[in-house]
Amino acid sequence: MAFAEEPKPDQPKSTMKSRAEARRKKRAPPVRYPFWFGGSASSMAACVTHPLDLVKVRLQTRSGDAPKNMSGTFVKIVKTDGFLGLYSGISASLLRQLTYSTVRFGVYEELKSRYTKSGREATFPALSAMAITSGFLGGIAGNFADVLNVRMQHDAALPPAERRNYKHAVDGMVRMAREEGFGSYFRGWLPNSSRAAVMTAGQLATYDTFKRLLMDYTPMGDNLTTHFSASFLAGLAAATATSPIDVIKTRVMSAANKQSVVTLVKDITRTEGLGWMFKGWVPSFLRLGPHTICTFIFLEFHRKAYRQVKGLNETPV
């Protein structure tokens with residue numbers, strides 16, 4: 001009596017792998033997009049998520065009887081400064097995105113385009129190396145704007161006598177140079193650039209990887225659901241990886257006196273324990289998660305419009 005051959009245990013995996021290979025072969029070479037797309041998309045995202053970024057900074061620099069949680073900080077800002085107080089420092093935030101994000105996205109896409117020009121598919125380690133490099137350069141380029149951003153967001157939480165009262169980002173740039181010298185533009189540049197490097201790896205490299213995996217191994221195509229899923233996972237990874245550096249960067253930039261990073265770490269570890277590494281993680285993720293999602297959704301809109309204008313139908317990752 002003949003028996004039907006039982007399916008081999010690895011058959012589903014082989015089928016999934018062959019399907020992924022078929023999808024990869026159908027993909028056209030990546031499109032070379034304009035350099036400024038990343039900065040534009042990030043600026044749009046900043047307009048949506050700025051209030052969450054403001055709350056995160058206030059929590060990380062809180063002192064005295066200031067609220068200890070996100071909701072309390074949010075309510076205090078609205079009561080003290082009104083609804084528009086949630087957008088305190090928005091000009092510096094936009095300036096930061098137009099410098100920092102333009103450079104990091106632009107350099108990353110350029111490196112990725114050159115790497116894949118020969119037909120090679122970029123692996124996650126390769127994407128991470130490109131993202132770390134571009135993020136570090138972006139951090140240096142946008143450091144002055146980041147200093148302004150932190151100061152303008154933290155200003156209203158200070159006693160009136162200690163406030164800097166910058167009118168807007170340009171006024172802050174001029175006063176920083178006049179009152180503190182051009183060296184103030186690079187205050188905290190090392191932790192800031194290190195954070196930017198880790199952040200960019202956590203966002204750009206993981207987004208590209210998650211998007212590619214979703215498109216290769218699931219029925220999902222190059223659509224909004226895929227973009228949302230990949231960017232959510234990228235935001236989660238980035239928030240966790242950058243939390244300790246983010247706290248250090250905020251403390252250094254908002255400090256009235258110069259203090260080395262090593263001394264700062266020793267002091268906060270002694271007074272607050274190792275828990276300082278994830279202080280403000282929830283508001284950080286609640287700000288970074290939506291910001292990452294918005295950035296990549298806006299970026300994909302940019303890309304889609306560009307492909308339509310140029311008459312390109314491919315959906316590269």
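Modeller: Leaving aside residues up to four places away in sequence, T200 touches Y100, R104, A131, S134, G135 and A205. This is a predicted model, and T200 lies in its helix α8.

Biologist: Why is T200 called buried?

Modeller: Buried means under 20% relative accessible area. T200 has 0% relative accessibility, so T200 counts as buried.

Biologist: What makes the pair of T200 and R104 a polar contact?

Modeller: The cut-off is 3.5 Å between N or O atoms, one able to donate a hydrogen and the other to accept it. The side chains of T200 and R104 are 3.2 Å apart in their polar contact, so the distance is within the cut-off. A polar atom of the T200 side chain also lies 2.6 Å from the backbone oxygen of A196.

Biologist: Why is K279 called partly exposed rather than buried?

Modeller: Partly exposed covers the range between the 20% limit for buried and the 50% limit for exposed. K279 has a relative accessible area of 26%, so K279 is partly exposed. K279 is found in the loop between α10 (261–272) and α11.

Biologist: Is F37 buried or exposed, and how do you know that?

Modeller: F37 has a relative accessible area of 6%, so F37 is buried; the limit is 20%.

Biologist: Which residues have the most contacts inside the largest nonpolar core?

Modeller: They are Y108, F296 and L299, in a core of 20 residues. Two or more residues each come from α2 (37–60), α4 (90–116), α5 (124–141), α8 (189–217), α9 (224–254) and α11 (281–310). The largest share, five residues, comes from α8. Not counting residues up to four places away in sequence, Y108 touches L127, M130, A131, S134, L204, A205 and D208. Apart from this core lies another, of 11 residues, among them V147, L148, Y166 and A169.

Biologist: How many helices and strands are there in the protein?

Modeller: There are 11 helices and zero strands. Of the 317 residues, 48% are buried. Among contacts with a separation of 6 or more, 79% join residues 24 or more positions apart.

Biologist: Where is confidence lowest and where highest among the helices?

Modeller: Helix α1 (residues 11–26) has the lowest mean, 59, and α5 the highest, 95. Local features need pLDDT of at least 70. The mean for α1 is 59, so as an average α1 is under that cut-off. The protein averages a pLDDT of 82, and 85% of the residues score at least 70.

Biologist: Over which residues does pLDDT stay under 50?

Modeller: Over residues 1–7, for which the model has zero contacts beyond four places in sequence.

How values were computed:
Residues are numbered from 1 along each chain as its sequence is written. This is a predicted model: local features need pLDDT of at least 70, side-chain atom pairs count only at pLDDT 80 or more; totals for chains, interfaces and linings use all residues. Side-chain values use heavy atoms; hydrogens and water are left out. A nonpolar core is a set of buried Ala, Val, Leu, Ile, Met, Phe, Trp, Tyr and Cys residues joined through side-chain atoms within 4.5 Å. Buried means under 20% relative accessible area, exposed over 50%, partly exposed in between (1.4 Å probe, protein chains only). Helices (H or I, at least four residues) and strands (E, at least two) are DSSP runs, numbered from the N terminus. Contact means heavy atoms within 4.5 Å. pLDDT is the predictor's confidence in each residue, from 0 to 100.
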